[in-house]
Amino acid sequence: MLKFFEPNKIFLITSKAPKYVLALFIVVISIGLMEALILSPEDYKQSHSVRIMYVHVPAAWITLGIFTSITLLSISGYVTKIKNFFLIAKSLAPSGLVFNIIALVTGSIWGKPTWGTWWVWDARITSMLVLLLFYLIYLIAWRIFEDKNQVLKITTFITICGVINIPIIKFSVDWWNTLHQPASISIFSKSSIHPSMLFPLMIMTAAFALFSILIFLMKYNTELIKIKNKGLDRL
Amino acid sequence: MYGRKVKLRFFFIIFILLSLILSVFMVLRSLEENVVYFKSPTDVKLIGELESKKIRIGGMVKKNSIEISSNKVNFIITDYKNEINVTYSGVVPNLFSEGKGVVAEGYLKDKSFFEASKILAKHDENYMPPEVKKALGEK
């Protein structure tokens with residue numbers, strides 16, 4: 001059953017795959033940027049500042065997705081004691097952190113001309129900042145705890161604490177009055193974004209997903225090399 | 001296929017998760033007052049006693065209610081049930097307009113009069129090109 005997790009086989013994939021992913025990423029991001037910056041129409045209300053959304057929303061989705069994946073992987077790793085899960089989780093974290101920062105910064109840039117403020121302490125924005133702190137705690141924990149068994153338990157616990165924040169982020173705009181607008185896209189109802197704007201949004205999401213896969217593969221590859229060099233740590 | 005230990009660890013995690021969710025839920029429930037970013041005009045109506053504390057009121061800018069005099073902007077915030085008069089001097093954000101969302105920060109003079117020191121525009125979840133908006137408006 002665990003043949004798939006053989007380090008040598010994975011290493012073969014992670015050392016070759018990045019260049020193909022990079023090529024695909026460049027293609028998708030060029031289409032996405034062209035759609036988002038030139039071809040898509042301006043908004044009736046906010047005119048060209050709507051284009052910030054094409055970076056902001058995908059970044060926010062990806063960072064939420066990555067944290068959820070990290071949690072599921074850490075829990076699986078803890079329950080089954082397969083260390084590879086932890087390695088995958090650890091390698092996913094940096095791109096999640098980067099996209100979290102991107103979402104906060106672009107949101108701030110968008111907020112200034114539209115809302116009239118860089119920052120407010122409403123539920124959505126504050127919970128997003130809490131997620132950023134959890135990413136930082138998670139990544140720092142990997143660095144400061146030397147003992148292998150200890151670090152696996154601690155990072156799992158951190159992700160479990162952090163994952164409670166994920167539904168809070170998602171539903172904060174529905175549960176409480178927030179300055180942040182409610183979700184425009186829902187699985188169950190018609191989206192309130194016009195199709196001509198939805199298309200670039202989806203392309204940009206695909207591009208960002210590819211980017212995080214790329215960073216993940218490179219990071220994972222490095223982790224595997226580290227283990228090979230040490231020669232004592234077995235997956 | 002899975003040993004007893006694996007099952008135990010699984011339930012251990014589930015119980016930790018459940019207890020954390022419950023405690024966070026309780027904390028948020030009790031902090032509800034502070035988690036909401038703004039009050040609606042109806043909430044203001046229900047306040048027992050006026051406090052001289054800075055508060056935020058949010059809702060829609062009532063149609064045809066914006067009056068701009070020399071350096072003052074007056075308008076009405078409504079939630080379609082109750083209304084509140086707002087006066088403000090300063091620059092309003094780009095998205096501030098009639099029939100759109102707004103959050104005003106400032107002090108209540110009385111239950112239907114609010115003096116704002118800051119105005120924030122609240123955007124809604126609708127995104128569409130101007131032509132589509134026009135077409136919708138003509139319907």
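The largest nonpolar core of this predicted model has 82 residues. By a nonpolar core I mean a set of buried Ala, Val, Leu, Ile, Met, Phe, Trp, Tyr and Cys residues joined through C-beta atoms within 7 Å. A residue is buried if 20 or more other C-beta atoms lie within 10 Å of its own, exposed if 12 or fewer, and partly exposed in between, with C-beta atoms placed from the backbone. Met204(A), Ile77(B), Val86(B), Val102(B) and Ala104(B) have the most contacts inside this core. Helix H2 of chain A, residues 53-80, provides the largest share, 15 residues. Helices (H or I, at least four residues) and strands (E, at least two) are DSSP runs, numbered from the N terminus.

A word on conventions. Residues are numbered from 1 along each chain as its sequence is written, while chains are lettered from A and ligands numbered from 1 in the order in which they are written. Because this is a predicted model, local features need pLDDT of at least 70 and side-chain atom pairs count only at pLDDT 80 or more, whereas totals for chains, interfaces and linings use all residues.

Let me turn to Ile77(B). His56(A) is buried, with 22 other C-beta atoms within 10 Å. Leaving aside neighbours within four places in sequence, His56(A) is in contact with Ala103(A), Thr106(A), Gly107(A) and Trp110(A). The C-alpha atoms of His56(A) and Leu104(A) are separated by 7.8 Å, although these residues are 48 apart along the chain.

Chain A as a whole has seven helices and zero strands. Its radius of gyration, taken over C-alpha atoms, is 19 Å, close to the 18 Å that the globule rule gives for 235 residues, so chain A is as compact as a globular protein of that length. The globule rule is 2.2 Å times the number of residues to the power 0.38. Buried residues make up 38% of chain A.

Finally, the interface. The contact takes 32 residues from chain B and 35 residues from chain A. On the chain B side, helix H1 (4-30) is one of the elements that each supply at least two residues, and H1(B) gives the most, with nine residues. The predictor gives the complex an ipTM of 0.81 and a pTM of 0.88.

Note on methods. Two residues are in contact if their C-beta atoms, placed from the backbone, lie within 7 Å.
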